[in-house]
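Thanks for asking me to look this one over with you.

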Amino acid sequence: MNKNYVSLEGAASHYDIISRMQGELKKGNYGKDNWLVGKGFDECALAEKTSPEAYVLNEISNSVPVVIMDKTGNTACANTAALSLVNISHNKGVVDKKSIETLKNSIK
């Protein structure tokens with residue numbers, strides 16, 4: 001599992017998150033066993049004023065598992081590839097506390 005992560009501090013929008021994550025995706029060797037992880041976004045600072053849902057994160061990749069966590073670690077968002085690998089069925093990709101722990105354990 002990849003121990004590195006993309007800093008999402010200061011991200012201004014969903015597009016900004018997508019752009020940063022896609023930039024890292026192009027540099028690394030990511031896949032089922034090496035997830036693309038971002039940390040540190042502030043939902044209140046995003047233009048959309050909401051966390052990105054799975055369909056937004058699917059724009060980064062449909063095949064590579066993508067997980068992002070907010071600056072508090074209380075919100076995790078995942079794309080469809082990540083959700084399916086940890087058997088979480090959620091149509092938006094913004095998940096509850098128990099699912100966050102499952103996602104965090106998957107990316108350690």
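**Notes on the fold**

1. A word on what you are looking at. This is a predicted model, in which local features need pLDDT of at least 70 and side-chain atom pairs count only at pLDDT 80 or more, while totals for chains, interfaces and linings use all residues. Residues are numbered from 1 along each chain as its sequence is written, and side-chain values use heavy atoms, with hydrogens and water left out.

2. How confident is the predictor? The average pLDDT (the predictor's confidence in each residue, from 0 to 100) is 86 for the protein, and 79% of the residues score at least 70. Confidence is highest in helix α1, with a mean of 97, and lowest in helix α4 (residues 97–106), with a mean of 66.

3. Now the parts list. The protein has four helices and four strands, where helices (H or I, at least four residues) and strands (E, at least two) are DSSP runs numbered from the N terminus. Along the sequence they follow the pattern β-α-β-α-β-β-α-α.

4. The strands build an open sheet in the order β1-β2-β3-β4, with mixed pairing; two strands pair if DSSP finds at least two bridges between them. β1 (6–7) and β4 (76–78) stand at the edges with a single partner strand each, so one side of each has no neighbour in the sheet.

5. Follow the pairings across the sheet. β1 and β2 are parallel over two bridges, and S7 stands opposite K39 in β2. β2 and β3 are also parallel, over five bridges, and F41 has D70 in β3 as its bridge partner.

6. The step from β3 (residues 66–70) to β4 is antiparallel, over three bridges, and A76 in β4 is the bridge partner of M69. These two strands form a hairpin with five residues between them, and G73 in the turn has a positive phi of about 80°.

7. How much of the protein is buried? Buried residues (under 20% relative accessible area; exposed means over 50% and partly exposed is in between, with a 1.4 Å probe and protein chains only) make up 47% of the 108 residues. In β2, five of the six residues are buried, so this strand is largely enclosed by the rest of the structure. In β3, five of its five residues are buried.

8. Helix α1 (residues 14–27) lies across β1, β2 (36–41) and β3, and runs at about 145° to β2. For this angle, axes are lines fitted to C-alpha atoms, for helices over the stretch in contact, and angles run from 0 to 180 degrees between N-to-C directions.

9. Which residues does M21 touch? Beyond its neighbours within four places in sequence, M21 is in contact (heavy atoms within 4.5 Å) with V6, L8, L36, V37, G38, I60, V66, V67 and I68.

10. Last, visit the loop between β2 and α2, where you will find L46 and K49. L46 is buried, with a relative accessible area of 0%, whereas K49 is exposed, at 54%. L46 and A12 are 34 residues apart in sequence and 4.7 Å apart in space, C-alpha to C-alpha. K49 has a positive phi near 60° and is a residue other than glycine.
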